[in-house]
Amino acid sequence: MNKSIEILKEAEQANFENGLPQKWSGFATETVEKLKQNKLKVTAAESLTAGLFQATVASIPGASNIFDGGFVTYADDIKVQLLGMDPKLIEEYTVVSNPVAQAMAELSAEKIKADIGLGFTGVAGPDPLEGNPVGTVFIGACNCQNHQEIIKEFHFEGTRQAIRLKSVLCGFALIQEII
């Protein structure tokens, strides 16, 4: 089984309370290297992760070759203002939904003119949001070059920080699945 599939299958139940498990510690760097090899730029619109994905990308040497910038769109009105998201999408499906994650991925890539866009939305806690329990996460990934998209729903366990770390790791796994 390749690492990205392993991560997508195991992350929901894995223990991230002491940080990223050692067996996946180099996965973000590996993903950035694949993006560099394929000459692909990545961006993201992040809600529950609040910039953690982009900070992780930027912490890797050579990130400037694949990352120009992105968005932290924590509040609904900021998703509308910065990304140009249709507010009716949020009204109809709630902010914690597949269509919103997909739109965040697509709109971020469009705005930054990146090859790959990710959208992170969900509930890190401590309280449920719009009827969604803590740990409900949707991550969208789109590749503008090959027109491939993946939107995944997760039900993570753990603390707020563990949920955010799991989300970021799964974002890198989705990138590997679409390049």
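This is a short walk through one predicted protein model, from the overall fold down to a few residues.

Some housekeeping before the fold. The model is predicted, so local features need pLDDT of at least 70 and side-chain atom pairs count only at pLDDT 80 or more, while totals for chains, interfaces and linings use all residues. Numbering starts from 1 along each chain as its sequence is written, and side-chain values use heavy atoms, with hydrogens and water left out.

Now the overall picture. The protein chain has 7 helices and 5 strands; here helices (H or I, at least four residues) and strands (E, at least two) are DSSP runs, numbered from the N terminus. Read from the N terminus, their order is α-α-β-α-β-α-α-α-β-β-β-α. The C-alpha atoms occupy a box of roughly 40 × 35 × 25 Å along the principal axes.

On burial, 50% of the 179 residues count as buried. Buried means under 20% relative accessible area, exposed means over 50%, and partly exposed is in between, with a 1.4 Å probe and protein chains only. The chain exposes about 8100 Å², of which carbon and sulfur atoms supply 49%; the areas come from the Shrake-Rupley method with a 1.4 Å probe, and for residues only the protein chains shown count as cover.

Contacts next, meaning heavy atoms within 4.5 Å. Among contacts between residues at least 6 apart in sequence, 65% join residues at least 24 apart.

Valine 100 sits in helix α6, residues 98-112, and its relative accessible area is 0%, so valine 100 is buried. Leaving aside residues up to four places away in sequence, valine 100 touches Met85, Leu89, Ile90, Thr94, Val95 and Thr121. Between valine 100 and isoleucine 151 there are 51 residues in sequence and 9.9 Å in space, C-alpha to C-alpha.

Threonine 136 belongs to strand β4, residues 136-143. Its relative accessibility is 2%, so threonine 136 counts as buried too. With the sequence neighbours up to four places away excluded, threonine 136 touches Val96, Thr121, Gly122, Val123, Phe154 and His155.

Last, the backbone. Most residues other than glycine have a negative phi, and most peptide bonds are trans. Which peptide bond is cis, with omega near 15°? The one from glycine 125 to proline 126. Proline 126 is in the loop between β3, residues 116-122, and β4.

Two residues carry a positive phi without being glycine. Lysine 39 has phi near 55° and lies in the loop between α2 (27-37) and β1 (42-46). Is lysine 39 buried or exposed? At 73% relative accessibility, lysine 39 counts as exposed. Alanine 50 has a phi of about 45°, and its place is the loop between β1 and α3 (52-58). With a relative accessible area of 38%, alanine 50 is partly exposed.
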